[in-house]
Amino acid sequence: MSFKDKVVFVSGASSGIGAATAIEFSKEGADVVIVARNESKMNKVASECEAYGKKPLVIKADLSIEKEAEGAIDKTIETFGKLDILVNNAGILRYGCLLDGQILKAYDELMAINLRAAIHLTLLATPYLIKTKGNVVNISSVDGSSVVTPILVPYSLTKAALDHFTRGAALELAPHGVRVNAISPGPVYTDIYENGGSVHPIDNTNIKTPLGTISDPVEIADLILFLSSEKAKAITGSNYITDNGYLLKP
């Protein structure tokens with residue numbers, strides 16, 4: 001799959017799935033925009049992207065702040081003049097439930113990044129995606145359709161809502177030639193648990209799947225590239241699960 005002359009905006013691109021996605025798009029000739037809050041990590045990712053030919057545009061931004069999200073899209077258009085693909089990958093993990101009294105605090109933090117920022121970026125990108133007949137890929141989670149543990153319910157709520165937004169946006173933008181899809185990974189080797197705040201007995205070392213494996217970020221990136229390509233030109237409003245059988249567990 002070649003993405004030569006395509007402009008790809010990847011949020012949450014400083015590590016994990018976002019970083020792998022930026023690198024894989026760079027390998028395929030795309031002009032990549034890397035957006036996240038951690039500038040030092042982004043610079044490392046940018047160096048890996050540049051090794052494949054093109055230097056990515058690096059934008060430090062907190063996408064939960066409207067002006068910073070607007071600035072990131074504006075900078076993209078100012079630099080490249082267009083936008084072809086939006087990957088809404090930015091996401092955080094926070095813990096909270098009814099009994100520990102933290103559910104609303106966790107909910108508010110999670111919604112600001114995991115859902116509202118994705119909706120806002122899609123809103124800002126829509127006029128440009130219509131011009132290029134581009135597409136959006138939202139990174140959701142299998143937690144959007146399952147309850148793993150009460151302390152993850154706020155996180156699950158954001159992903160369930162993102163799934164529904166994906167379907168609604170796909171229906172609205174289809175007449176304009178813009179496709180919108182979601183990917184729901186299961187366990188993936190990223191630093192999301194390390195960055196999640198309070199320590200809880202949940203991490204990638206004690207998650208089991210029927211296939212006996214946990215995905216590497218590049219596996220999710222490969223699926224993002226497929227959904228963004230002409231090979232997926234008939235696919236919109238879909239949610240692709242890639243979880244090593246995780247949801248099959250009783």
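Tyrosine 107 counts as partly exposed, at 32% relative accessibility, where buried means under 20% relative accessible area, exposed over 50% and partly exposed in between (1.4 Å probe, protein chains only). This is a predicted model, in which local features need pLDDT of at least 70 and side-chain atom pairs count only at pLDDT 80 or more, while totals for chains, interfaces and linings use all residues. Residues are numbered from 1 along each chain as its sequence is written, and side-chain values use heavy atoms, with hydrogens and water left out.

**Tyrosine 107 and the surface patch**

- Tyrosine 107 belongs to helix α4, which covers residues 103–132; helices (H or I, at least four residues) and strands (E, at least two) are DSSP runs, numbered from the N terminus.
- Together with Leu104 and Leu157, Tyr107 makes a nonpolar surface patch of about 290 Å².
- Patches are made of residues with over 30% relative accessible area and no salt bridge, with like charges joined within 9 Å and nonpolar side chains (Val, Leu, Ile, Met, Phe, Trp, Tyr) within 5 Å, and accessible areas come from the Shrake-Rupley method with a 1.4 Å probe, for residues with only the protein chains shown counting as cover.

- Helix α3 (residues 66–80) has 15 residues and reaches 21 Å from its first C-alpha to its last, close to the 21 Å expected at 1.5 Å a residue, the expected span being 1.5 Å times one less than the number of residues.
- The residues Ala69, Ala72, Ile73, Thr76 and Ile77 of α3 are buried.
- Seen down the axis of α3, its buried residues fall within an arc of 125°, so they line one face of the helix; the arc is that of the directions from the helix axis to the C-beta atoms.
- These buried residues of α3 pack against strands β1 (7–11), β2 (31–36) and β3 (57–60), and also against helix α4, with contact meaning heavy atoms within 4.5 Å.
- On the face of α3 turned away from its buried side are the exposed residues Lys67 and Glu78.

**Salt bridges**

- The structure holds seven salt bridges, a salt bridge being a side-chain nitrogen of Lys or Arg within 4 Å of a carboxyl oxygen of Asp or Glu.
- In helix α3, the side chains of glutamate 78 and lysine 75 meet in a salt bridge (3.8 Å, N to O), and the two are separated by about one helical turn because they are three residues apart in that helix.
- Glutamate 78 counts as exposed at 62% relative accessibility, whereas lysine 75 is partly exposed, with a relative accessible area of 35%.
- Glutamate 24 forms a salt bridge with lysine 27, their closest N and O atoms being 3.0 Å apart; glutamate 24 counts as buried at 13% relative accessibility, and lysine 27 as partly exposed at 38%.
- Glutamate 109 forms a salt bridge with arginine 94, the closest N and O atoms being 2.9 Å apart.
- Glutamate 109 lies in helix α4 and arginine 94 in the loop between β4 (85–88) and α4, so the pair ties together parts that are 15 residues apart in sequence.
- Arg94 and Glu109 are also linked with Lys105 in a network of salt bridges.

**Positive phi angles**

- Asparagine 244, in the segment after β7 (239–242), has a positive phi near 55° and is buried, with a relative accessible area of 14%.
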